[in-house]
Every structure is written in structure tokens, then in C-alpha cells.
Amino acid sequence: MKKKRIGVLTGGGDCAGLNSAIKWVVKTSLDDRLQKMRKIQYEVVGIRDGWKGLVQPDGGEDSPGSRILTLTEEMVRTWDRYGGTNLGTSRTNPFDPKNDRSKTVLENMERFHLDFLVAIGGEDTLGVANKLYREGVKVVGIPKTIDKDLSGTDYTLGFETALNVITDEIDRLRTTAGSHKRIFVVETMGRHAGWLALEGGESSGAYIILIPEYDFNIERINELLMEGRRKGARYEIIVVAEGAKPVGYSEILKEEGIDSFGHKILGGIGEFLAKQIFQLTKIETRSITLSHLQRGGAPCAYDRRMGRYFGIASVDLIVKEDFGKMVSLRNGQITAVSLGEAVGRLNLVDVQTQYDTERYNGRRTILGY
Ligand code: F6P
């Protein structure tokens, strides 16, 4: 029987559901019955620390020892229950214009006899996968990012678990906000896309939701808050995405500089807004940044299931020799789109149909007003 080797890696920010996807890549590849039907015997190796594992496979100062390890069914049996990624991750960009190490990646694919690659990631990791595909690498992708900003798919791993965190934390905040009659500003992640803030705010019934796709006016927020208090509200919850900004401002940065994919390091809009609101309303206002809590913890049932479906589908693509594709969920069906389509543009909130620009909240109506 023909023997082939599949490498699997997770890159970029971690999230819940990654371990489930890895587990199902391994289980589907090594399944005895399927191997006989396909007449190909697969072996799966885990590549540690994202693309760094193929740039420095022998390890480095931050990780002594090999970054390449054989994965067995027994090893991954329980992985779907755990958050994060058991393979580790990094934001290493082999195509970083300041330090291009893409040739090293290609050489290491040869050195470790990797016939195929499964890259689990967001726009950065899959952007690298797409470039490698154009250089002849037989690669397929699995979408993950709590920001849900990849195109070509209705779901990206980690999103629902992150929404559950937002909803749970806001439930907690409500009791203390009510006791003190305070306004709470809750900052979520979401650099360019407002999905976490929008759908997290909708799930938790937030009074105001602010997203990167629509610049807000602080005076309007003041009006809405005053209107709420006049109607008898004891407290308000405002959910703001880290990439949201007031009209005329640029995003608030946590620190200067950019990462190797050119991203600014965002953070601080919640605190900024809380101060502005207090100045205008004179109502006690507190802010909380949910930050990496949204990426942590055990995956919810949906992420475990989606990790499973995406993991299985990625191996199906390899069997079909349909490379340069990302598995995706479209209208309830598991399918695939080209990596180029997935990373070509970001999937943003459609302000026209999904956002109420008057009340700064979600908008889902079939009536059109
Ligand atoms: O890309 C996903 C994401 O969670 C963004 O929402 C956020 O801006 C960023 O990662 C934070 O990344 P880091 O883990 O490097 O702080």
C-alpha cells in the first residue's frame, strides 16, 4: 500500500475547537477501514508552534527539542475536550518581507517527507498556506478565529465558545451593575470585524453595541443613555469591539508597533469610552476588557462538533487531491472554498442589514425597517 505523510499545524491566536480539529484529522487519516478503501496509508505528524515549526523544526531557545512529532489515535483520543492547542501556536510569518524564510519551510517539508499539510488558522496562517500552495505545496486549510472574519465560510472555530464567555461574563456584570446603578463598558476582541461584539451583545441583551464597521458618535451614546435612565433603567451594558472607534479618531492601541503580519496591537477603547461617558453623563461608569478570556477554556459543544466536521473534511480534500482549499460551512453544509477566496477579503458585519445605526445595536428584521 502507498504510504503518505500529512503534517498538521495551528497558527495565529489560539481558540477553543483547535484540538478537536487536530483529533479528527488524525482519526480520519489513520482509520483502518478508510485506509483500505483509499489504498493509501497515511501517517500524521504534528508540527508544533505554527509556521515556526517548519522554520525551526529542531526547536529554538523558546522551545528545546524537535517541533515535529508523530501523532497516534491513542494520543489524541481525549483532545476534543480541551481548549487552546496541544500543538502550540505562534504568529511566525515565513513570508515576512523583513525576514523571508519561506524557502526554509519548503526545504523542511522535504526533509521531513511531508506530502501534505493541514493548516488550521485565520487570515494570516491561511494567507501563508495560500502562498505556499502557489509554490507547489499540497496544502488544505481549516478556518479558525474568534473574530469570525474569514470569507467563504459561515463559521470559524472558536467563535461560539468566545460568545459563551462574553454572555456569561455579562450575566455576572449585570448583578453588580444593577446594585450600583452603574454603566458598564465591556470590551471584546475583534480587530476589524464586529461579530464578537455584535453577536455577544445580542446574546447578552446589551443596551449599546459598538463595532469597527461603524464609527460611533459619543453624543449619540449620551442621548441613548439618558433616554434609558428616563425610562427607568437602573444600569446599562455597552459592548464595544477593540477595533471600534469614535468618528474622527483612529483605533486605540494597547502598545506601539506591529506584529510580523503587520497588525497593530489594539486595546483600550473600553476604558477610553468609560471616561468619556462619565464626563458627559456624570453616571458612575466602569470598564472591563474580556481580552484573552474569550479565547480560553474548554470548547462548547458546537466548537467540538465543528472541529470534528472540519477535521474530517480536510482529510477528505487530501484524499480527493483537492489542494489549495479551505473547508467551510455554507448554509448548513460542509463544503470547501479556495484559500484565495477565504483570505482575499475580510468577512465584516453588513451595517446596512445587520446593524441599527440609530440605536447602536443589532438589527435583524425581515420587514426591512
Ligand atoms: O486574531 C484573533 C485575535 O483574538 C484578535 O481578536 C486580537 O486582536 C488578537 O487575536 C490578539 O492577539 P494576541 O494573542 O497576540 O494578543
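This is a predicted model: local features need pLDDT of at least 70, side-chain atom pairs count only at pLDDT 80 or more; totals for chains, interfaces and linings use all residues.

Student: OK. Where does Met306 lie?

Tutor: Met306 is part of helix H11, which covers residues 301-320.

Student: Is Met306 buried or exposed?

Tutor: Met306 is buried, because its relative accessibility is 2% and the cut-off for buried is under 20%.

Student: How far apart are Met306 and Leu18, in sequence and in space?

Tutor: They are 288 residues apart in sequence. In space, C-alpha to C-alpha, Met306 and Leu18 are 9.7 Å apart.

Student: Another helix, then. Where is Ala129 found?

Tutor: Look at helix H6, residues 123-134. Ala129 has a relative accessible area of 0%, so Ala129 is buried. Its C-alpha atom is separated by 8.9 Å from that of Val118, eleven residues apart along the chain.

Student: Switching to the ligand. Which residues are around the ligand?

Tutor: Here is the list: Arg91, Ile146, Asp147, Met189, Gly190, Arg191, Glu242, His292 and Arg295.

Student: How do the residues of that shell divide into nonpolar, polar and charged?

Tutor: Two are nonpolar, two are polar and five are charged.

Student: Which polar side-chain atoms lie at what distance from an oxygen atom of the ligand?

Tutor: For Glu242, a polar side-chain atom lies 2.5 Å from a ligand oxygen. For Arg295, the distance from a polar side-chain atom to a ligand oxygen is 2.7 Å. For Arg191, it is 3.4 Å.

Student: What percentage of the ligand's area does the protein bury?

Tutor: The protein buries 77% of the 400 Å² that the ligand exposes when taken alone.

Student: And which pocket is the space taken by the ligand?

Tutor: That space is the largest pocket.

Student: New topic: Thr153. Where does Thr153 lie?

Tutor: In the loop between strand E7 (139-143) and helix H7 (159-180). Thr153 is buried, since its relative accessible area is 3%.

Student: What does the side chain of Thr153 reach?

Tutor: Two backbone atoms. The Thr153 side chain reaches the backbone oxygen of Tyr155 at 2.9 Å. It also reaches the backbone nitrogen of Leu329, at 3.1 Å.

Student: Now backbone angles. What is phi of Asp49?

Tutor: Phi of Asp49 is near 65°, which is positive, and the residue is not a glycine. Most residues other than glycine have a negative phi.

Student: Where is Asp49, and is Asp49 buried or exposed?

Tutor: Asp49 sits in the loop between strand E2 (40-47) and helix H3 (52-55). Its relative accessibility is 14%, so Asp49 counts as buried.

Student: What about phi of Asn331?

Tutor: Asn331 has a positive phi too, about 50°, and is not a glycine. Asn331 is in the loop between strand E14 (325-330) and strand E15 (333-338).

Student: Is Asn331 buried or exposed?

Tutor: Exposed: the relative accessible area of Asn331 is 70%, and the cut-off for exposed is over 50%.

Student: Last one. Where is the place of Arg363?

Tutor: Arg363 is in the segment after strand E17 (361-362). Its side chain reaches the backbone oxygen of Gln352 at 2.9 Å. The C-alpha atoms of Arg363 and Glu202 are separated by 9.3 Å, although the two residues are 161 residues apart along the chain.

Note on methods:
Residues are numbered from 1 along each chain as its sequence is written. Side-chain values use heavy atoms; hydrogens and water are left out. A residue is near a molecule or strand if one of its heavy atoms lies within 4 Å of it. A polar contact is a pair of N or O atoms within 3.5 Å; within protein, one must be able to donate a hydrogen and the other to accept it, and residues adjacent in sequence count only if both atoms are side-chain atoms. Accessible areas come from the Shrake-Rupley method with a 1.4 Å probe; for residues, only the protein chains shown count as cover. On a 1 Å grid over the protein atoms alone, a cavity is a set of points where a 1.4 Å probe fits but cannot get out, and a pocket is an open set with protein on both sides within 12 Å along at least five of seven lines; lining residues have an atom within 4 Å of a point. A molecule sits in a cavity or pocket if more than half of its atoms lie within 2 Å of its grid points. Ala, Val, Leu, Ile, Met, Phe, Trp, Tyr, Cys and Pro count as nonpolar, Asp, Glu, Lys and Arg as charged, and the others, Gly among them, as polar. Helices (H or I, at least four residues) and strands (E, at least two) are DSSP runs, numbered from the N terminus. Buried means under 20% relative accessible area, exposed over 50%, partly exposed in between (1.4 Å probe, protein chains only).
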